[in-house]
Amino acid sequence: MMLKIKRVPTVVSNYQKEEGSEAPRTVGGCGRNCLKACCIQDAKLPLYAFKKISKVGGKDLVVEKCQEELPLAFLDSLVLGEWEDRVQRGLFRYDVTSCETKVIPGEYGFIAQLNEGRHLKKRPTEFRVDKVLQPFDENKFNFTKVGQEEVLFQFEASEDGEVQFHPNAPVDVENSPSFVAINVSPIEYGHVLLIPRIFECLPQRIDHESLLLALHMAAEAANPYFRLGYNSLGAFATINHLHFQAYYLAMPFPIEKAPTKKIATLNGGVKMSELLNYPVRGLVFEGGDTLEDLSKVVSDACISLQNNNIPHNVLISDCGTQVFLLPQCYAEKQALGEVNAELLDTQVNPAAWEISGHMVLKRKKDFDEASEANAWRLLAEVSLSEERFQEVKALIFEAIALTKESDDSPQYLPKDDVVDSVDPSTYPAVVAGSQECVVLQ
Amino acid sequence: MESINQSLDKFYSPHARQSLDELSEHFTITDPSISGHPIVFASHAFLKMTGFTRDEVVGRTGAMFQGPATCRRKVMEIREAVREEREVPLHGSSRVCSSVAHEFVFRCCRKEVCSESLAELTRVSSANQVLEHDVSVKLSTTLAELHLLELESEEEPREASGDERRSAATAMDNIFSVLTHYSELTGKLVCRKRCSIPDVGLLSSSLIISLGRIKQSFVLTNPHLPDMPIVYASDTFMKLTGYARDEVLGHNCRFLGGRDTDASTLHLIKESIKTEQPCTVRILNYRKDKSSFWNLLHISPVRDASGKVAYFVGVQIEDDYKNEDFRRCWRPDMKQLSVVGVVKVAVRSLSMSAGSSKT
């Protein structure tokens, strides 16, 4: 048996055609102004090269940069300026700032947006949801098919260690550049896609290097309200081409306000906690001496989820110093017919943003009746059961505990550092195949 | 720096400093109406505790006291409290003036005795709001932050004890009674809670803080008020035009025009405002001293969370071709568009929650 759900795919590019029909191109090169060999040679795109911040804690570089009192960081201006430019050039399917948004009264402050335009004009398509890792398929839509005008800039690590910006840099395909492109169906202002090493055509699958790039983007923007999200296949990613999403929303997400319980301090000083009193069970990774430390731990955790076929969502917040990891099973329940009709009728696809508390609603009725209880009910369906979550946690712990450092360290770690200390040896051994959320064929 | 020094004197008279200094509490006062939301006053006790001199603190932001071990969550709580213009509520307490504990590890780098040691601060913040009667579109706010020193160092944040809450409340009372006293003398109305004057022209101080980050000449105008007055003008706009903020707030932008300003350009602007479309024009404008300059002006509508146009933002760039470097690196229109982007994000986000802005 193969598990599938039917849903309306999100249109992220103006060149994302219905299967089997040709989308018109109006400009440039081969007549398509695309990112393929025929057009890319002559292309000039802005290039932002960031400084690799090796020491986060040492000189307070990131922490200090994040204060909203400071003038706009360069990357912030670049994203916003280029994005507004595309707004005024009419590249988006709708003006997201015309979409009504409100904070739902309640303890958590879930945010509801009424977006009636996002899912129009598309036929529902079948998506396989029981395989987190699927091979890249060149015949399906991928980001090498977007138009150059949809790309905002190239994003890479600077070679000489200083921030660099070139307003018109050639695209060096051999050098595997990463692109930042608009999402033409934005769910908030500044909605962009970060596509690591775009020309390598990587499938949606987290690796250490790509996650580090995403953390760097959050750190460079230096704006706590610019967050990045990641959805695995089976957790509402619709395009199997490695990408992160990001946008601006200048208020805290409910998930960021949820209390946490510390589980452990890991290699490089990364703090690992568990979300408490939140409808979706999840883990939080914070801090660390360097961005590399944080990205190593989180990517190891994601890789273990991928290898164990557990769909998951990731939210990168607080300027890249905090990462939420949320395994989920909504799509699978949906495929098995276990989600009640009332929830399905809302057609809300609980991906990283929804799980973080930003709900994009398609029907006026749902928007008007939005309540904390409704949001909670939906998200509770997304969450793994407590029992299953503990199994998954053990799995993750096993993957990262291998690198857990001995307690030789610093003044920031008082003795009773570990709250509700968990000894990894008390975890049950991981049993593959006991996963209730994975239906085997 | 001048505006920072004047901030306190203007509303509370210079004598207020002296009385504030006599208080034994550790506290700072910040002014969100100044770009960067800087500290405008630090108490004697606070300086003594932290080892900084007044000059090192005034003009900077509270962020300077944070370090690698600072609890990020508490920083977020403070940020949100300021954004929503509420006091950080002390855990479990319903008192108006109480606040929650913001705890962070503070590095006493200035004290020779303990260059590597850690001390813990409890920061309690509260806000009072000052409304000027004479200029209806101007809002001024003063935030007082109280710092309680703790001797034991702990990494994990902890809740303030009942005693601490009570002493924080008393301390806040003391600070406010000084401020209230002196504001009566200067004739400016001070109240602890925001006065509920139903004036649509009033910008929330959280919006002012967000806009204050933008180092670029721009104004916000409100199309829902008679004659579409300016409701916000950036520091750079003041520098560019030579006017004082009081002279432009509440006025329509037409004072920038003059004898040789092209009427057809003005017509174009009017049309784009009417149709709620963005536009870019090159227009001859005049400074306060009557000297003229070519203004590369970009205007765009800005919608609030309800999706309706709430403001128009006008971004000015002096078109003088002097700065070639700048032109090569960053196209001026891109700079204007990023200002539009920041303003759109700020206005939209800050009007989402009922508690945060105009109600």
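Visitor: Is A:Tyr278 buried or exposed?
Guide: This is a predicted model, and what follows is computed from it. A residue counts as buried when its relative accessible area is under 20%. The relative accessible area of A:Tyr278 is 8%, so A:Tyr278 is buried.

Visitor: Which kind of aromatic pair do A:Phe110 and A:Tyr278 form?
Guide: A search of the whole structure finds 20 aromatic pairs over all chains. In the pair of A:Phe110 and A:Tyr278, the ring centres are 6.5 Å apart and the angle between the planes is 35°. Planes under 30 degrees apart would count as stacked and those over 60 as edge-to-face, and the pair of A:Phe110 and A:Tyr278 is accordingly described as tilted.

Visitor: How many residues apart in sequence are the parts that this pair ties together?
Guide: A:Phe110, which counts as buried at 0% relative accessibility, lies in the loop between β3 (101-103) and β4 (111-114) of chain A. A:Tyr278 belongs to the loop between β13 (270-275) and β14 (283-287) of chain A, so the parts tied together by the pair are separated in sequence by 168 residues.

Visitor: What is the angle between the planes of A:Phe141 and A:Phe143?
Guide: A:Phe141 counts as buried at 14% relative accessibility, and A:Phe143 is buried with a relative accessible area of 1%. Their rings form an edge-to-face pair, 6.0 Å centre to centre, in which the angle between the planes is 80°.

Visitor: Are α6(A) and α12(A) parallel or oblique to each other?
Guide: The axes of helix α6 (residues 291-307) and helix α12 (residues 386-401), both of chain A, come within 9 Å and cross at roughly 125°. Angles of 65 to 115 degrees count as roughly perpendicular and those over 145 as roughly antiparallel, and therefore α6(A) and α12(A) are oblique.

Visitor: How many residues of each class make up the contact of α4(A) with α6(A)?
Guide: Helix α4 (residues 208-221) of chain A packs against α6(A) at an angle of about 130°, with the axes 9 Å apart, and α4(A) passes α6(A) in a right-handed crossing. The contributing residues include A:Leu211, A:Leu215 and A:His216 of α4(A), and A:Leu294, A:Ser295 and A:Val298 of α6(A). By class, the contact of α4(A) with α6(A) consists of seven nonpolar, four polar and two charged residues.

Visitor: What value is phi of B:Lys290 near?
Guide: Most residues other than glycine have a negative phi. B:Lys290 is found in the loop between β9 (279-286) and β10 (292-303) of chain B, and its relative accessible area of 68% makes it exposed. For this residue, which is not glycine, phi is positive and near 75°.

Visitor: What value is phi of B:Met228 near?
Guide: B:Met228 lies in the loop between β7 (218-221) and β8 (230-233) of chain B, and at 17% relative accessibility it counts as buried. B:Met228 is likewise a residue other than glycine with a positive phi, near 45°.

Technical notes. Residues are numbered from 1 along each chain as its sequence is written. Chains are lettered from A and ligands numbered from 1 in the order in which they are written. This is a predicted model: local features need pLDDT of at least 70, side-chain atom pairs count only at pLDDT 80 or more; totals for chains, interfaces and linings use all residues. Side-chain values use heavy atoms; hydrogens and water are left out. Axes are lines fitted to C-alpha atoms, for helices over the stretch in contact, and angles run from 0 to 180 degrees between N-to-C directions. Helices (H or I, at least four residues) and strands (E, at least two) are DSSP runs, numbered from the N terminus. Angles under 35 degrees count as roughly parallel, over 145 as roughly antiparallel, 65 to 115 as roughly perpendicular and the rest as oblique. Buried means under 20% relative accessible area, exposed over 50%, partly exposed in between (1.4 Å probe, protein chains only). A crossing is left-handed if the near helix is turned anticlockwise from the far one by less than a right angle, and right-handed if clockwise. Contact means heavy atoms within 4.5 Å. Ala, Val, Leu, Ile, Met, Phe, Trp, Tyr, Cys and Pro count as nonpolar, Asp, Glu, Lys and Arg as charged, and the others, Gly among them, as polar.
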